[in-house]
Amino acid sequence: MKKSSMKKSSEIAALGVFLALAMILSYVETLIPINFGVPGMKLGLANMVTVILMYIFSPSQAFLISMLRILLSGLLFGNTMSLIYSYAGGVLSFVIMYLCFRTKKVKMIPLSVSGAVSHNAGQLIAAAILVTNYNIVFYLPVLIIAGIITGLITGSVSAAVHSRLIKLNGFS
């Protein structure tokens with residue numbers, strides 16, 4: 001079923017499934033016992049859903065699902081501080097990805113990398129403001145490297161899943 005011919009109810013149902021998938025990926029990420037050597041760093045598995053939604057639905061729908069996922073994950077698996085950091089990272093990440101997406105020149109993997117790096121930067125900015133210690137920005141180079149690595153991984157998986165969705169379901 002193509003996006004243009006998708007009925008509103010089918011679209012809402014599909015977005016609900018993507019929200020559920022993002023929630024599951026957020027939860028799975030809390031279970032991964034791997035210490036990446038960077039405090040608080042995660043793979044960003046749920047970001048794959050946001051990236052894919054930008055391409056098969058629209059940036060506005062991707063933003064809605066991303067913000068709902070952050071809220072629900074924060075309430076279920078986090079605390080107030082994690083919610084603040086997640087929103088700071090999520091909003092900055094989405095803005096940067098949206099600007100890249102609008103150019104129509106940025107493919108899915110670099111889009112994911114830009115999102116991962118800017119997500120880390122957004123969280124770091126929030127942390128610097130909340131703890132009123134701006135020396136924390138010296139942590140940025142480590143977070144940039146981490147964002148590039150995780151963005152490459154999640155972007156590659158997103159591109160593969162997107163390709164399969166197009167072939168199997170006719171999403172475009």
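**Close-ups of the helices and their side chains**

**View 1. Tyr 27 is partly exposed, because its relative accessibility is 39%.** Buried means under 20% relative accessible area, exposed over 50% and partly exposed in between (1.4 Å probe, protein chains only). This is a predicted model, in which local features need pLDDT of at least 70, side-chain atom pairs count only at pLDDT 80 or more, and totals for chains, interfaces and linings use all residues. Residues are numbered from 1 along each chain as its sequence is written, and side-chain values use heavy atoms, leaving out hydrogens and water.

**View 2. Tyr 27 meets Phe 77 in one of 5 aromatic pairs.** Rings of Phe, Tyr and Trp (its six-membered ring) pair if their centres lie within 6.5 Å; planes under 30 degrees apart count as stacked, over 60 as edge-to-face and the rest as tilted. By that rule, the count is 5 aromatic pairs. The ring centres of Tyr 27 and Phe 77 are 5.2 Å apart and the planes stand at 40 degrees, so this pair is tilted. Tyr 27 belongs to helix α1 and Phe 77 to helix α3, so the pair links parts of the chain that are 50 residues apart. Helices here are DSSP runs (H or I, at least four residues), numbered from the N terminus. Phe 77 is partly exposed, because its relative accessible area is 35%.

**View 3. Phe 94 and Tyr 98 form a stacked aromatic pair.** The ring centres of Phe 94 and Tyr 98 are 6.5 Å apart, with 10 degrees between the planes. Both residues sit in helix α4, and because Phe 94 and Tyr 98 are 4 residues apart, about one helical turn separates them. Which of the two is buried? Phe 94 is, with a relative accessible area of 8%, whereas Tyr 98 is partly exposed at 31%. Together with Phe 63, these two residues form one aromatic cluster.

**View 4. The largest nonpolar core holds 26 residues.** Among these, the residues with the most contacts inside the core are Phe 18, Val 49, Leu 53, Met 54, Ile 56 and Phe 57. Helices α1 (8-31), α2 (47-56), α3 (59-77), α4 (80-102) and α5 (108-130) each give two or more residues to this core. A nonpolar core is a set of buried Ala, Val, Leu, Ile, Met, Phe, Trp, Tyr and Cys residues joined through side-chain atoms within 4.5 Å. Take a look at Val 49: setting aside neighbours within four places in sequence, Val 49 is in contact (heavy atoms within 4.5 Å) with Phe 18, Leu 21, Ala 22, Leu 25 and Ile 65.

**View 5. The buried residues of α3 pack against α1, α2 and α4.** The buried residues in α3 are Pro 59, Gln 61, Ala 62, Ile 65, Ser 66, Met 67, Arg 69, Ile 70, Ser 73 and Gly 74.

**View 6. Ser 163 lies in helix α6, which covers residues 140-169.** Ser 163 counts as partly exposed, because its relative accessibility is 28%. Ile 52 is 111 residues from Ser 163 in sequence, yet their C-alpha atoms are 9.8 Å apart in space.

**View 7. The protein has 6 helices and 0 strands.** Its C-alpha trace spans about 50 × 35 × 30 Å along the principal axes. Of the 172 residues in the protein, 40% are buried. Among contacts between residues at least 6 apart in sequence, 73% join residues at least 24 apart.
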